[in-house]
Amino acid sequence: MMDVAGIRAALQRQPFQPFHISLADGRSLPVPHPDFVAVHPRRIVVIADDGSWSVVEPILVSSLDYSS
């Protein structure tokens with residue numbers, strides 16, 4: 001389980017490194033830039049390249065995965 005502070009830290013990382021938010025249900029949401037994510041203590045909103053969006057409860061985030 002990932003907490004909101006960990007997600008905020010990933011978004012504020014300098015230089016920013018794109019990552020994927022992996023969810024407990026097996027989905028993976030790409031985060032190519034910090035502007036694609038809004039973080040609230042009870043919800044995370046992730047915007048996709050095509051303009052669609054996902055609302056996620058932080059408790060469902062299993063990991064943040066960085067490409068090598």
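Q: What should I know about the numbering and the model before we start?
A: Residues are numbered from 1 along each chain as its sequence is written, and because this is a predicted model, local features need pLDDT of at least 70, side-chain atom pairs count only at pLDDT 80 or more, and totals for chains, interfaces and linings use all residues. Side-chain values use heavy atoms, with hydrogens and water left out.

Q: OK, which strands pair with S4?
A: Strand S3 (residues 37–40) pairs with S4 in the antiparallel sense over four bridges, and S4 also pairs in the antiparallel sense with strand S5 (residues 53–56), again over four bridges. Strands here are DSSP runs (E, at least two residues), helices are runs of H or I with at least four, and both are numbered from the N terminus; two strands pair if DSSP finds at least two bridges between them.

Q: Which residues are bridge partners there?
A: Histidine 40 has arginine 43 in S4 as its bridge partner, while valine 46 is partnered by serine 54 in S5.

Q: And what joins the strands?
A: A hairpin of two residues joins S3 to S4, whereas the hairpin of S4 and S5 has five residues between the strands, and glycine 51 takes a positive phi near 95° in that hairpin.

Q: Why would they alternate?
A: In a regular strand the side chains alternate between the two faces of the sheet.

Q: Is Ile47 buried, partly exposed or exposed, then?
A: Isoleucine 47 is partly exposed, because its relative accessible area is 32%. Together with Trp53 and Val55, Ile47 makes a nonpolar surface patch of about 300 Å². Patches are made of residues with over 30% relative accessible area and no salt bridge, where like charges are joined within 9 Å and nonpolar side chains (Val, Leu, Ile, Met, Phe, Trp, Tyr) within 5 Å.

Q: What about Ser52, what does it touch?
A: Leaving aside neighbours within four places in sequence, serine 52 is in contact (heavy atoms within 4.5 Å) with Val46 and Ile47. Serine 52 lies in the loop between S4 and S5, and its side chain is joined to that of aspartate 50 by a polar contact of 2.6 Å. A polar contact is a pair of N or O atoms within 3.5 Å; within protein, one must be able to donate a hydrogen and the other to accept it, and residues adjacent in sequence count only if both atoms are side-chain atoms.

Q: Changing topic, how many salt bridges are there?
A: The structure holds one salt bridge, in which the side chains of arginine 27 and aspartate 25 meet (2.9 Å, N to O). A salt bridge is a side-chain nitrogen of Lys or Arg within 4 Å of a carboxyl oxygen of Asp or Glu.

Q: Is Ser22 buried or exposed?
A: Serine 22 counts as buried, because its relative accessibility is 13%. Serine 22 lies in strand S1 (residues 19–23), and its side chain makes a polar contact with the side chain of aspartate 65 (2.3 Å).

Terms used. Areas by Shrake-Rupley, 256 points an atom, 1.4 Å probe, with all protein chains shown as cover. Buried < 20%, exposed > 50% of the residue type's maximum accessible area, 1.4 Å probe, protein only.
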